[in-house]
Amino acid sequence: MNAPHNALAFTQDRPAAVRNAVEVAHVSKQFGKLMVLEDISLSAPAGSVLAIVGASGCGKSTLLNIIAGLARADRGSVTIDGATGDRSHDTRVISYMFQEDRLLPWRTIAANTEFGLEARPMRASERRERSLEVLKMTGLEGFENAYPHELSGGMRSRVALARSLVVKPYMLLMDEPFSKLDPQMRSQMHAELLRIRDQLKMTIVFVTHDVEEAIVLADRIVVLKPRPGRVRDVLDIDLPRPRDPLAADVAEAVRHVRALI
Amino acid sequence: MASLSTVRSSASDRSARLAGVAGMIAQRAALLAVFLVVWWLAALRVPAFILPGIGKTWDALRELIASGTFGDDLGITLYRVVAGFALAALVGTPLGVVLGSNRRLGQFFDPLLSVVNTVSAAIWAIFALIWFGISNGTTIFVVFMEAMPLILTNVWQGAQGVNAEYIELARSFQMSRAKVMTKIYLPTVLPHFFSGARLAFGFGWRVSLVAETIGSSNGVGYRLRQAADLVQTDQVFAWTLTLIVMMVVVEYGILKPLENRLFRWKRRV
């Protein structure tokens with residue numbers, strides 16, 4: 001119930017000792033003449049979950065791509081664990097989970113999971129071992145040899161998650177990863193994600209238009225306004241976990257954030 | 001629960017597939033019987049030098065096999081077809097991937113392909129005769145010129161259809177361009193390569209005979225022309241039968257099983 005009142009604006013400085021997994025400072029991005037992002041600043045403390053919410057067209061995905069290093073900012077900087085610069089020289093592993101599961105139809109579930117490890121040299125047996133490990137973690141034991149078309153949407157989503165986790169990421173970026181699942185499956189995936197996050201101690205940054213999803217998962221929420229994308233508000237969510245979307249305090253927080261969008 | 005239902009459905013799948021195979025064999029046998037009856041009836045009313053009967057053709061075939069050069073002729077023709085086809089696959093596949101993955105290059109070379117495709121196999125055979133004379137090279141060249149554009153076109157189309165989302169996925173894992181080629185492009189292109197290669201092998205096989213009739217002193221094509229010159233129609237029929245049997249063996253003994261194995265990840269329709 002008290003969440004919105006506890007929510008701090010980002011401008012109210014917190015102690016400097018907090019180590020940030022990612023810091024975005026004054027990032028702007030244009031596509032041709034169209035201003036997509038304007039002066040975006042945000043940060044996610046190491047080990048926290050940050051949600052970026054906003055209406056469609058506010059540049060959420062573009063922002064995530066810039067953090068991932070898949071797109072370049074025109075102005076401003078992105079700092080990962082204190083290091084600015086070219087992502088390809090970065091030792092910190094960042095995984096990106098796309099909106100679609102993007103499973104390769106010609107690969108089995110185990111081989112799809114291993115895909116994340118194939119960019120670097122590694123023994124095949126070690127790859128297999130690590131993929132089986134994350135498949136177990138995501139509840140896919142016994143489906144190693146199935147092909148993607150044999151699985152349901154929820155299970156495919158688990159495979160995509162397993163593929164993101166197999167590289168042992170320092171930070172996991174997700175672009176509306178569960179938006180195509182039915183509500184029940186989605187909340188199940190939320191619980192799984194939080195459980196795995198506790199296990200692997202990684203930072204999660206995700207984009208969503210679903211405010212409820214943001215409140216249930218995130219420690220901090222960045223609300224963007226559209227055209228061009230700007231930061232409207234930053235809220236810290238201190239509600240106890242697990243968060244039940246039907247509980248009064250969670251519902252209140254959802255209402256509060258919806259009003260901002 | 002999910003795995004249980006999978007097991008059950010695969011068991012019923014198997015019996016359904018067995019029934020399907022039995023039905024298919026019966027159908028094929030019936031078709032063969034119809035063909036043989038029509039042949040037999042037609043041969044009854046026509047002189048043997050125009051249309052030899054089944055028995056006469058069978059005798060000619062046995063004679064050919066006994067003559068000693070049968071295996072050599074078949075072997076040399078097969079060698080030329082396989083050599084031309086292999087060269088075509090080696091050249092056409094990488095070329096198709098490059099042209100398909102690079103829009104500007106593809107646009108530039110697009111007309112060339114149409115031009116090559118319009119040139120008749122007989123013209124290639126004549127050119128080959130001028131350049132290579134009576135040799136293996138003539139037939140191999142003709143097979144190559146016929147098969148290469150087919151493989152190239154199919155692979156080209158396949159490479160154009162590569163899912164950009166998969167490439168982005170590979171990029172998010174920081175895969176090198178070479179790995180994107182082998183891990184995304186190649187598997188996407190493989191079904192297209194296969195349909196192209198199947199066409200190319202069939203075409204190559206047919207044009208090899210044309211090439212051998214004018215540019216060779218052995219092989220099935222040469223024997224066919226010899227038999228035709230001497231009006232040994234029964235021998236022409238015997239060779240034709242041999243070729244048909246060979247193509248059927250290649251199709252159902254090699255290509256189909258290979259295809260089923262390679263593309264087992266595809267959803268059964």
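**View 1. Contacts and overall build of chain A.** Of the contacts (heavy atoms within 4.5 Å) in chain A between residues at least 6 apart in sequence, 68% link residues at least 24 apart. This is a predicted model, where local features need pLDDT of at least 70, side-chain atom pairs count only at pLDDT 80 or more, and totals for chains, interfaces and linings use all residues. Residues are numbered from 1 along each chain as its sequence is written, chains are lettered from A and ligands numbered from 1 in the order in which they are written, and side-chain values use heavy atoms, with hydrogens and water left out.

Chain A carries eight helices and ten strands, taken as DSSP runs numbered from the N terminus (helices H or I, at least four residues; strands E, at least two). Its C-alpha trace spans about 50 × 45 × 40 Å along the principal axes. The radius of gyration of chain A is 18 Å, which agrees with the value near 18 Å for a compact globule of 261 residues; the radius is taken over C-alpha atoms, and the globule rule is 2.2 Å times the number of residues to the power 0.38.

View 2. Buried residues account for 54% of the 261 in chain A; buried means under 20% relative accessible area, exposed over 50%, and partly exposed in between (1.4 Å probe, protein chains only).

**View 3. A nonpolar patch on chain B.** Helix 1 of chain B (residues 2–44) gives the most, seven residues. Phe35(B) sits in that helix and counts as partly exposed because its relative accessibility is 49%.

**View 4. Helix 9 of chain B and its cover.** In helix 9 (residues 220–229), Val220(B), Gly221(B), Tyr222(B), Arg223(B), Leu224(B) and Ala227(B) are buried. Their cover includes helix 3 (70–101), helix 8 (177–215) and helix 10 of chain B. After helix 9 comes Val231(B), with a positive phi near 50°.
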